[in-house]
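Here are a few exercises on helix packing and nonpolar cores. Grab your viewer and work through them in order.

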Amino acid sequence: MFENAFMEAASKLHPAVPVLLYVPLTLGLLGWGLSGGRTTVGRALLFIPLGGLTWVLMEYGIHRFFFHWEGKGPLPRRVHEIAHGYHHKYPDDAQRLVMPLIVTVPLSSLIGVSLWWVGRPAEMLPYFVGIVWGYVTYDTLHWATHHRTPRTAWGRALRAHHMAHHFATPDRNFGISNRWMDTLMGSGGRRSKHERTMASDEDARSEER
């Protein structure tokens, strides 16, 4: 992906790293907050799920509106290629199925500092933990969807949902850890026969131009 050796190495990550890094860190952060009276069990039970839901919204928005935005000109297209285009070209590259630390460490730090500045640690601390746990769940499921055979009906449906995004309708099925966001946003499923015909006609016109 990169000619620069450092960037090439930094863009790869073993899929176990997000779990091994972020789960202990966030458990320690949550324990620190609970033991010091900075938050409570009740607030944690409320705000951790809210943080997880926030991640689901972030996941969908980032995937649909940033990862699949190609823009115009060489720079936006290069950004797209690095951020997501490579994954669509080589979906079975096991070293690039989870977000690299060069992305997640600055992003999680920015989110964490921003929430701390809100000044309500009792709510924001477990909320931040929920966002991070949502991200770890997403990355783990994304890796498993590509590299593990699902054993449950839910897993098979999630895999079919994501594989359709890769190989049939890249303009649909943006949810990765879930399918309900696509149902909610009307971006799930395969194209209808009419839509497939319209898309084929548009592709033909583009080739003629």
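**Exercise 1.** Is the crossing of H5 and H6 left-handed or right-handed?

*Solution.* Before starting, note that this is a predicted model, where local features need pLDDT of at least 70, side-chain atom pairs count only at pLDDT 80 or more, and totals for chains, interfaces and linings use all residues. Residues are numbered from 1 along each chain as its sequence is written, and side-chain values use heavy atoms, with hydrogens and water left out.

Step 1: the axes (lines fitted to C-alpha atoms over the stretch in contact, with angles from 0 to 180 degrees between N-to-C directions) of H5 and H6 come within 8 Å and cross at roughly 160 degrees.

Step 2: H5 and H6 are therefore roughly antiparallel to each other (that label takes angles over 145 degrees).

Step 3: the crossing of H5 and H6 is right-handed (the near helix is turned clockwise from the far one by less than a right angle).

**Exercise 2.** Sort the residues of the contact of H5 with H6 into nonpolar, polar and charged.

*Solution.* Step 1: list the contact (heavy atoms within 4.5 Å). H5 brings residues including Ile111, Leu115 and Trp116, while those from H6 include Tyr127, Ile131 and Tyr135.

Step 2: sorting gives 10 nonpolar, 3 polar and no charged.

**Exercise 3.** Which elements give two or more residues to the largest nonpolar core?

*Solution.* Step 1: this core has 15 residues, with Trp55, Leu115 and Tyr127 among those with the most contacts inside it. A nonpolar core joins buried nonpolar residues (under 20% relative accessible area, 1.4 Å probe) through side-chain atoms within 4.5 Å.

Step 2: the elements are H3 (41–67), H5 (101–118) and H6 (121–147).

Step 3: H6 gives the largest share, 8 residues.

Terms used
Buried < 20%, exposed > 50% of the residue type's maximum accessible area, 1.4 Å probe, protein only. Helix = DSSP H or I, 4+ residues; strand = E, 2+ residues; numbered from the N terminus. Parallel < 35°, antiparallel > 145°, perpendicular 65-115°, else oblique. Nonpolar A, V, L, I, M, F, W, Y, C, P; charged D, E, K, R; others polar.
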